[in-house]
Amino acid sequence: MAPWGKRLAGLRGVLLDISGVLYDSGAGGGTAIAGSVEAVARLKRSRLKVRFCTNESQKSRAELVGQLRRLGFDISEEEVTAPAPAACQILKERGLRPYLLIHDGVRSEFDQIDTSSPNCVVIADAGESFSYQNVNNAFQVLMELENPVLISLGKGRYYKETSGLMLDVGPYMKALEYACGIKAEVVGKPSPEFFKSALQAIGVEAHQAVMIGDDIVGDVGGAQRCGMRALQVRTGKFRPSDEHHPEVKADGKLHLTGFRGTVPTASSSDSAFQ
């Protein structure tokens, strides 16, 4: 296999996932993954342009950034591409009024959105708000519409907190798709539009960028379909079985816990990667 200096030739930008890559969320604000704070600092000192690309939908961007800064990360709200703001833009452009099946922590992102007489449903990682009643309310809204619209902030199966693996929005999205006989519109990874918006924000073409994430399908597969190279970390939701995924193969994997201070620039040591 070619050395990393050749495999990442022409690299100008890096998209970084957050949950499972930089930190594990959980009680008390979660914990930074070993080496990740230093790796982000090194990336920002390099010639590369950096963008944080997350499907986080339990927190507003402001809350997420505040939490990461408390853990020691150099990050600003303007550097984060997240699904809630993107969904709000879609709702405004299309004149949609959503029933919000979302977490209270991200509800502030929708303060300027009209939610009266819903003509669509927006679903996110609602956590404890995924009660039978709330999911059934969303089902009833969709079934009453002539042309039902279901917008999902991501479609992840699960993610990792400090207490263990947690169900993500994907299983609940699939339940509504099945019950209503419809297909959700995904805003977030692995949507090509979501990756493109992150690349556009840093002025980098897909072939000049690499995505670093823990999800073999959403992060790695989604990025590769957009023309990017993609690395998978061995933290977060990574499982050894990912290496034998029938459809997606990462361009490389980061060893051990997080980045261990190494970043994937053209001058990086090959020993940190596989």
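Guide: Two strands count as paired if DSSP finds at least two bridges between them. Helices (H or I, at least four residues) and strands (E, at least two) are DSSP runs, numbered from the N terminus. This is a predicted model: local features need pLDDT of at least 70, side-chain atom pairs count only at pLDDT 80 or more, and totals for chains, interfaces and linings use all residues. Residues are numbered from 1 along each chain as its sequence is written, and side-chain values use heavy atoms, leaving out hydrogens and water.

First, the hairpin. S9 and S10 form it, with two residues between them. S9 covers residues 158–161 and S10 residues 164–167; the strands run antiparallel, joined by four bridges. Glu161 has Gly164 of S10 as its bridge partner.

Now the crossing. The axes of H5 (residues 132–143) and H6 (residues 169–180) come within 10 Å and cross at roughly 40°. H5 is therefore oblique to H6 (angles under 35 degrees are roughly parallel, over 145 roughly antiparallel, 65 to 115 roughly perpendicular, the rest oblique). The crossing is right-handed. H5 brings Val135, Ala138, Phe139, Leu142 and Met143 to the contact, and H6 brings Leu176, Ala179 and Cys180. Contact means heavy atoms within 4.5 Å. By class, the contact of H5 with H6 has eight nonpolar residues, no polar and no charged ones.

Last, confidence. pLDDT is the predictor's confidence in each residue, from 0 to 100. The chain's mean is 90, and 90% of its residues reach 70 or more. Over residues 256–274 pLDDT stays under 50. Where pLDDT is low, the predicted coordinates should not be read in detail.

Note on methods. Axes are lines fitted to C-alpha atoms, for helices over the stretch in contact, and angles run from 0 to 180 degrees between N-to-C directions. A crossing is left-handed if the near helix is turned anticlockwise from the far one by less than a right angle, and right-handed if clockwise. Ala, Val, Leu, Ile, Met, Phe, Trp, Tyr, Cys and Pro count as nonpolar, Asp, Glu, Lys and Arg as charged, and the others, Gly among them, as polar.
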